[in-house]
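The sequence and structure follow.

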Amino acid sequence: MARSTDYQGHEHPTWCPNCGDFGILAAVKMALADLNLPTHETVVVSGIGCSGKMPHYLKTYGFEGIHGRVLPVATGVKLANHKLNVIGIGGDGDGYGIGMGHFIHAMRRNLDLTYIVHNNQVYGLTKGQTSPTSEHHFTSPSTPDGVIEMPVNPLALALGSDATFIARGFSKNLVELRDIIKAGIQHKGFSLIDVLQPCVTYNHVNTYAWYQQRIYSLVKEGYVVGDKATAWVKALEWGDRIPLGIFHKEDRPTYEDEVVSIQKEALVDQSASANDISPLLDKLR
Amino acid sequence: MDKPHNRGIDLNWKIGGVGGFGLQAAGALFAKVMRRTGFYVFVTHEYPNIIKGGHAATEVRVADTPLTSHRDGVDILVALDADTITRHAGEMRSGAVLLYDTETVESVPTLADSTIRVIGIPFVKISRETAKMDLARNTVAIGASLALIECGRLDHFMAVLGLVFERKGSDIVTANQRAAQAGYDHVGTENSHTFACSVPSGTPPDTILVNGNEAMSLGALAAGCQFLAMYPMTPTSSILHSMAAWQKNFPLVVKHTEDEIAAMNMIAGASFAGVRAMTATSGGGFSLMTEALGMIGMMELPVVCIMGMRVGPSTGMPTWTEQGELRFVLHASQGEFPRIVLAPGDVEEAFILTAEAFNWADQFQCPVLLFTDKHLSDLSNTVAPFDAHPITINRGPLLAKTNAAVGEPFARYALTENGISPRTIPGQAGGEHISTSYEHDTWGYYTEDGSVHVEQTDKRMRKLEHALDVLPKPVLIGPAKADVTFIAWGSNKGNIQEALGRLAAKGVTANFVHVVVLAPFPVEALTKILTAATTIINVENNATGQFAGLLREHTGIVPQHNMLKYDARPFSPQEIVDKTLELLKK
């Protein structure tokens with residue numbers, strides 16, 4: 001049985017002390033260990049931002065790309081070798097801001113990917129500007145008079161985009177988050193795991209205490225996954241009470257299930273050296 | 001204008017009408033018939049950026065010797081509407097024939113050249129009578145055209161119709177064959193065989209009729225390309241269509257992505273995971289890809305990108321040709337990183353260079369960019385069949401799965417003598433590593449250490465130091481000594497090749513330096529060739545002479561003349577001849 005430390009990378013995190021990202025990193029390592037996933041068969045893809053540093057702290061194959069493009073890269077990895085366990089790591093700026101278009105398309109595509117979004121409702125690495133999930137009227141260096149736009153609701157977007165696994169965790173609730181990530185990895189299809197994660201440096205509104213006063217577990221209140229209409233009601237709940245857990249899960253064939261050329265073998269394992277174009281040349285005669 | 005050939009062995013057939021009439025398909029049919037008869041053909045298309053409507057035309061040049069270019073002067077103009085006559089009547093050479101549809105063209109204007117024969121045929125009416133539809137008007141027109149040409153073979157047309165319409169059912173085949181026969185018969189003895197020529201004797205040459213995009217797609221497939229991610233954009237969209245259709249028969253996955261940003265990032269992911277990956281686009285899409293291109297350079301991933309130029313800036317004139325993106329592609333994305341940039345000049349080079357691009361990408365672990373333009377992408381030419389196995393696949397220093405007993409952690413960016421480091425792919429135990437878009441150390445870990453940045457920059461730049469030893473050299477076409485030396489890149493190759501012969505006939509000896517590799521720049525080879533040149537003329541389809549500037553930057557050589565054309569059309573051989581003679585007078 002693998003242990004969490006087996007997934008420990010060689011680099012030490014450079015996140016601020018008490019950053020919510022530590023909890024997510026710990027939960028990911030615990031989930032990988034519980035599922036006994038080989039490090040060499042796991043690829044962690046990230047973008048740019050505090051969240052993007054995650055692959056540096058894991059002993060798997062890692063791809064830290066450019067800002068907002070986690071999902072296209074993860075899609076390329078998965079289509080090249082769908083036997084791999086592919087985890088995307090995004091942030092609220094990376095995934096719900098600059099990378100929003102890819103997010104919607106990845107969900108309708110339903111590749112077997114796990115997408116964990118570090119959602120701290122603020123830009124960290126660029127020093128505290130407003131993010132797409134910042135509260136209405138949140139003040140920041142880029143919005144000194146408060147955000148005029150309404151915040152993005154990632155879970156509702158996911159429901160509207162036919163994502164087949166939709167969940168929310170809290171970085172401090174380690175065991176619950178570990179179990180959500182495990183369920184997400186085990187789910188055959190696209191899994192969105194939005195993780196509330198306080199930014200101790202730049203977000204003085206949505207603090208640990210702020211979340212802890214509001215969060216509750218869906219399961220503990222008897223919520224049963226399955227009915228999409230109820231999932232909508234829960235996805236829209238935000239304010240005095242914030243639900244955590246798995247909101248929605250459904251089985252739908254994955255994208256790779258329907259790609260003809262990779263039914264028998266992963267693309268990377270198929271020898272392309274034998275491509276004989278003679279029949280195609282004949283058609284040009 | 002060209003002088004007419006009495007024997008009709010170099011015949012230019014043009015069909016024009018409203019976009020959506022199936023003119024490109026008609027051109028392909030006529031070209032296939034002539035290819036079957038043993039001739040060489042060269043097909044070009046012009047069309048507007050409209051799905052249905054606007055004016056479109058297709059030109060098929062037919063000759064009994066191999067062709068490298070289209071040419072000026074039309075011998076048979078098939079006008080399916082009056083607009084075609086207005087636009088193209090002036091292109092007809094003396095002795096030409098205008099075939100027009102008597103139902104759509106109310107009156108034919110008086111043509112200045114009285115040697116042009118005007119023949120009205122009710123194409124649509126015949127189409128309705130014989131095939132019960134309007135669409136077979138093209139078939140009627142081709143039938144009539146074949147009757148005008150002594151070596152026009154109706155039997156070959158019948159066979160081609162059988163093959164082309166096979167999947168639409170035998171009813172469609174016979175309907176078209178009836179239409180073809182009726183068009184042929186309608187010409188009558190008075191006009192038949194207006195163009196005297198004989199069918200080439202002996203066994204017809206074994207040729208294929210292929211366009212630039214098909215050639216590049218086939219090259220990619222032959223090289224074992226396993227993954228294409230792209231977003232459709234003129235002029236490269238048909239690469240997406242061809243390769244998508246091959247997925248069921250080859251180990252190939254084709255993804256039409258949500259945008260070009262996704263396309264470039266997706267092939268980066270696929271390449272990281274170990275498959276041969278490619279994208280294709282045009283300037284607008286490439287603009288979106290540039291950030292990921294730099295990431296690929298930083299991560300040292302092998303990818304191939306086809307960049308099809310059209311008329312810019314911005315959306316420009318999407319369905320027309322230009323060479324305005326040379327500098328853009330050479331410098332795209334922030335920072336400095338090595339890239340290989342290639343410019344095939346014809347369909348044969350498009351095929352082989354695309355195939356080899358995959359090897360070079362793997363060997364040098366860098367992006368390989370291939371230029372095409374609307375002209376090359378769209379033109380079809382008869383050439384000797386491509387080699388079905390043109391290259392031996394070389395994946396470069398890609399460690400095999402069995403060879404994974406490597407250190408911990410794996411030094412993906414190890415400082416090697418030639419700058420190229422062995423790489424592992426996911427699935428390979430012991431090969432775990434991170435690739436990051438940040439500057440990194442030998443293990444791939446993020447760094448802000450200035451000396452490491454210098455080491456890694458030097459390592460990356462070192463990779464292409466000896467690349468010119470394996471990349472194709474500039475080619476000198478024509479006599480070693482000449483009055484005029486043309487220099488050009490990309491699709492001007494064929495036009496200039498033909499111009500050399502035409503200039504020789506005028507007593508001007510000319511040769512031509514065809515530059516295939518634009519980065520790394522072949523400084524020594526070009527300097528050597530050009531130092532021996534008397535008068536250098538740089539030929540480019542752009543307004544600013546981008547290549548001339550590049551040549552000067554790298555070699556200090558300044559061409560005596562720049563022959564620039566940016567009216568959205570390719571040079572014709574005669575245009576090059578006329579402009580050269582003009583320049584030499586100066």
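Two residues are in contact if their C-beta atoms, placed from the backbone, lie within 7 Å. On this basis, residues 24 or more positions apart account for 74% of the contacts in chain B with a separation of 6 or more. The model is predicted: local features need pLDDT of at least 70 and side-chain atom pairs count only at pLDDT 80 or more, while totals for chains, interfaces and linings use all residues. Residues are numbered from 1 along each chain as its sequence is written, and chains are lettered from A in the order in which they are written.

**Chain B as a whole**

Chain B holds 19 helices and 21 strands, taken as DSSP runs (helices H or I, at least four residues; strands E, at least two) numbered from the N terminus. Its radius of gyration, over C-alpha atoms, is 26 Å, close to the 25 Å that the globule rule (2.2 Å times the number of residues to the power 0.38) gives for 586 residues, so chain B is as compact as a globular protein of that length. Buried residues, those with 20 or more other C-beta atoms within 10 Å of their own, make up 55% of the 586 residues.

**The seven-stranded sheet**

Seven strands of chain B form an open, mixed sheet in the order S9-S8-S10-S11-S13-S12-S19, where pairing requires at least two DSSP bridges between two strands. S9 and S19 (517-519) stand at the edges with a single partner strand each, so one side of each lacks a neighbour in the sheet. Within the sheet, S11 (residues 303-309) and S13 (residues 367-373) run parallel and are joined by seven bridges; B:Met309 stands opposite B:Asp373. Helix H10(B) lies across S8, S9, S10 (277-282) and S11 of chain B.

**Contact with chain A**

The contact takes 55 residues from chain B and 48 residues from chain A. On the side of chain B, H10(B) gives the largest share, nine residues. That side divides by class as follows.

| Class | Members | Residues of chain B |
|---|---|---|
| Nonpolar | Ala, Val, Leu, Ile, Met, Phe, Trp, Tyr, Cys, Pro | 34 residues |
| Polar | the others, Gly among them | 14 residues |

Strand S2 (residues 61-64) of chain A pairs with S15(B) in the parallel sense over three bridges, and A:Phe63 has B:Ser435 as its bridge partner. B:Phe227 touches residues of both chains, among them A:Leu79, A:Leu267, B:Val253 and B:Ile267.

Notes: Buried ≥ 20, exposed ≤ 12 C-beta atoms within 10 Å, placed from the backbone. Axes fitted to C-alpha atoms, helices over the stretch in contact; angles between N-to-C directions. Lists of a residue's contacts leave out its neighbours within four places in sequence.
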